[in-house]
Amino acid sequence: IGKVSGLPDDPEDRAVPVERPVRFGDRVVQGQLLCVVWSKDLGEKKSELVDSLSRLFLDQETQRRLEELWKKGAVPERSVREAERDVEPDMIAVSRAERTLRSWRLTTPDIEAIRAEAVRIHRNKGQWDDDVRNQWARVEVKAAIDGVVVEKNVTVGDVVDTNLDLFKIADLTRLDVLAHAYEEDLPLLEDLPPQERHWTIHLKSDTTDAKPLSGSFN
């Protein structure tokens, strides 16, 4: 779980802010780390892209060598055409894996990092970098907007489903409040001039000592 600077839970120590995990009611900014998830699906799809790139590199290398031999008259043209046909499905597989990863919101730098690792693995005869391998399935969940955490559904060690909303963040700088007035009070409310139509709102879900919210009504 990501960290924020806030007051501790112990009332005796609330005078000194501390680094603590993100929780309900915390204010976060766009791009702030909320939590880290280890995704089996992401790791498998990234490995699928690396595997597709590896096959593409090998088939492209074979094609280049056959073209050189064909120019020297050492192999028939048919061999070159077959090598070209082997490269095409490899390129399609690479494109398909990349599109899937982009649909999962991986950025262009993320895709380029996977490509770079595939090149490195190809040059090192299948040897992985230990640091990269240990972080292969890591997913950083970050705040999409500036706002307040109004819902948190994850703790350290949880096994989460892809359909679960881990965090919900809302912009509380402007709120719409729907109130039902008694029918006999409507004439009094309607008679109020615009400059006097003010009220204060108490949020039942707010467990902190926050002050009531001031606003106006129509």
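Where is the place of Val80? Val80 sits in helix α2, helices being DSSP runs (H or I, at least four residues) numbered from the N terminus. The model is predicted, so local features need pLDDT of at least 70 and side-chain atom pairs pLDDT 80 or more, while totals for chains, interfaces and linings use all residues. Residues are numbered from 1 along each chain as its sequence is written, and side-chain values use heavy atoms, without hydrogens or water.

Val80 is buried, at 2% relative accessible area (buried, under 20%; exposed, over 50%; partly exposed, in between; 1.4 Å probe, protein chains only). Gln63 lies 17 residues from Val80 in sequence, yet their C-alpha atoms are 6.4 Å apart.

Helix α1 (residues 40–71) packs against helix α2 (residues 77–103) at about 160 degrees, with axes 8 Å apart. The two helices are therefore roughly antiparallel (an angle over 145 degrees). Axes are lines fitted to C-alpha atoms over the stretch in contact, and angles run from 0 to 180 degrees between N-to-C directions.

The whole structure holds 15 salt bridges (a side-chain nitrogen of Lys or Arg within 4 Å of a carboxyl oxygen of Asp or Glu). Lys45 and Glu48 form one of them, at 3.0 Å, N to O. Both residues lie in helix α1, three residues apart, about one turn. Lys45 is buried at 16%, whereas Glu48 is partly exposed at 32%.

Glu117 and Arg120 pair at 3.3 Å, N to O. These residues are three apart in helix α3 (residues 108–123). Glu117 is buried at 7%; Arg120 is partly exposed at 26%.

Methods
Angles under 35 degrees count as roughly parallel, over 145 as roughly antiparallel, 65 to 115 as roughly perpendicular and the rest as oblique.
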